Amino acid sequence: MLTVNAKEAQQLILTKILERNQASEYLSKFMNRSTNTSTFKRNVPVVTYDVVQPYITRISTGEDSSIISGDRIVELLRSSGTSRGEPRLMPAISEDLDRRTYLYSLLMPIMNKYVSGLGEGKAMYLLFVKAETLTNSGIPVRSVLTSYYKSPHFLHRKHDLYNNYTSPDEVILCPDSQQSMYCQLLCGLVERQHVLRLGAVFASAFLRSISFLELHWCDLVTDIRNGKLNPNVTNTKCRLAMECFLALPNPELADELEEICGCGPWKGILGRLWPNVKYIEAVLTGTMAQYIPMLEFYSGGRIPLVCTMYASSESYFGVNLRPLCKPTDVSYTILPNMAYFEFIPLEDGLRVTDDEEVVGNDKLVSLVDVKVGCYYELVVTTFSGLYRYRVGDVLQVTGFYNHAPQFKFICRRNVILSIDTDKTNEEDLHNSVTRAKKILEDRNHILLEYTSYPDTSTVPGHYVLFWEIKSTCEGVQPLDPQLLESCCVSVEESLDYIYRRCRAHDKSVGPLEIRVVEAGAFDALMDLLVSQGSSINQYKTPRCIESGLALKLLNSKVTASFFSPRDPEWTM
Ligand code: AMP
């Protein structure tokens with residue numbers, strides 16, 4: 001029904017947003033209290049976070065929510081997008097939880113159309129919360145998933161056969177992610193015969209948990225054998241919740257697990273540990289696509305990989321109506337009741353507009369008017385006070401489901417490096433490298449060229465920088481390892497807040513590596529890329545390497561490699 005009436009649903013949602021929020025300081029500046037949708041389209045500008053931020057700051061320091069919304073802002077959602085190194089905070093009202101729950105509630109009915117018997121077993125979903133803070137005015141600041149997992153909407157799913165998870169809520173809500181992961185894996189192993197689905201929100205988190213299992217399976221097996229939880233789990237609520245899982249020693253299960261984990265390679269291990277699993281669910285589109293090969297390794301290529309939804313802290317967006325398609329073919333159908341959606345056409349195909357570029361109001365295309373094959377940047381208007389806000393995602397229209405368009409996620413505007421929730425753009429990387437190369441210059445070396453690569457063959461993945469360095473003194477100067485290590489530290493210290501949090505707190509990104517390449521390596525790179533079709537006139541060194549051949553070439557010219565010796569500074 002929603003997709004049949006997509007146009008009407010969008011018109012209705014915009015009308016309601018304007019009726020409820022017309023008195024806000026922000027909207028009345030442009031609309032003079034009108035609720036007319038044409039006035040909105042004519043007068044309200046397309047904005048980026050820089051415009052929203054002063055309002056968020058005012059609300060955080062105690063001003064009334066009415067400066068942006070007719071409803072009370074009950075929480076600020078910490079997005080993984082950053083603005084000048086600080087996380088972006090998105091306003092949310094209490095009814096947003098209902099909207100998110102609505103989208104979640106569609107996922108199992110969709111899956112159920114393709115996979116039978118899902119109500120007869122459990123899901124081992126590795127879900128985690130992050131620490132939260134309060135603004136000066138007492139508004140919680142947390143991630144959108146933390147908000148959802150702590151809400152009654154999630155906690156009251158108890159009687160829902162289709163959302164029966166192996167992990168007890170207390171374990172999901174444990175603020176220590178290592179203890180949480182340990183206990184969640186333990187529950188999943190104890191319940192291995194009942195597990196029908198595996199997953200996490202993002203593929204990166206799922207893989208981290210599997211590599212954690214690779215490191216700690218002996219301890220987990222010991223706990224199962226003895227019926228006693230490892231003393232390193234100190235969180236009292238976790239310990240209590242785990243009691244029923246380890247009520248009695250279970251040497252038979254311990255033997256089975258030891259046999260599976262201790263013998264042979266881990267290729268295909270997931271199907272052996274969880275023999276009844278029907279699919280693995282995680283976001284594998286966008287930057288997460290880099291994890292498909294690793295997941296295929298652990299799943300032995302025999303368990304379907306399913307991407308179900310597309311969402312953000314600003315708003316939830318859509319669902320995948322063909323969940324069993326290959327991750328590379330996934331399209332998301334936007335749900336027209338989530339927010340009011342508009343689209344900036346990217347006229348030169350993938351040429352992505354930058355933040356500073358002013359986007360004329362007449363350029364925007366509404367949800368039902370997008371064209372198949374075309375690329376767009378997503379813009380949202382929400383009940384909670386975002387008006388024509390550029391989300392920063394680039395999407396391509398692949399078709400329509402009734403009248404609701406379906407989109408392939410192409411990329412995040414400007415992002416070149418991402419391992420977990422970190423998103424580093426070319427400018428951030430350039431600024432960090434520029435700062436670090438001064439250290440070289442002070443020691444008679446110059447940085448001739450650089451590029452980067454997100455190395456996900458290690459767990460956790462890490463940023464790799466390829467540097468071609470020239471000595472400014474006569475003769476060959478050996479490179480001092482400490483000098484290069486200080487450069488690694490300097491780059492990391494100047495990357496943004498989310499990167500530093502992932503590194504120092506979440507440990508979801510490993511130490512940054514600089515690989516020094518021999519003289520002429522970047523000329524060879526240029527020759528290769530020109531031979532592959534780049535124009536020699538317009539050639540610019542790519543600041544991130546994606547092609548396999550280019551990477552192979554640079555790796556073949558590496559003369560030394562250095563890692564960051566310590567975590568970057570990070571405070572919450
Ligand atoms: P956050 O702002 O931290 O809530 O992250 C939201 C962003 O994550 C989105 O704007 C996308 O860039 C990315 N994202 C979320 N879901 C998906 C998905 N299914 N596929 C690709 N990227 C996604």
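Author: Gladly. A contact here means heavy atoms within 4.5 Å. By that rule, residues 24 or more positions apart account for 70% of the chain's contacts with a separation of 6 or more. This is a predicted model, where local features need pLDDT of at least 70, side-chain atom pairs count only at pLDDT 80 or more, and totals for chains, interfaces and linings use all residues. Residues are numbered from 1 along each chain as its sequence is written, and side-chain values use heavy atoms, leaving out hydrogens and water.

Reader: Why is Asp369 called partly exposed?

Author: Buried means under 20% relative accessible area, exposed over 50%, and partly exposed in between (1.4 Å probe, protein chains only). Asp369 has 42%, so it is partly exposed. Across the chain, buried residues make up 55% of the 572 residues.

Reader: Where does Asp369 lie?

Author: Asp369 sits in the loop between strand 13 (365–366) and strand 14 (375–381). Helices (H or I, at least four residues) and strands (E, at least two) are DSSP runs, numbered from the N terminus. The chain has 19 helices and 22 strands. From Asp369 to Asn276 there are 93 residues in sequence and 44 Å in space, C-alpha to C-alpha.

Reader: What radius of gyration would a compact globule with 572 residues have, and what does the chain have?

Author: The rule, 2.2 Å times the number of residues to the power 0.38, is set against a radius taken over C-alpha atoms. A compact globule would be near 25 Å, and the chain has 25 Å, so the two agree. Its C-alpha atoms fill a box of roughly 75 × 70 × 45 Å along the principal axes.
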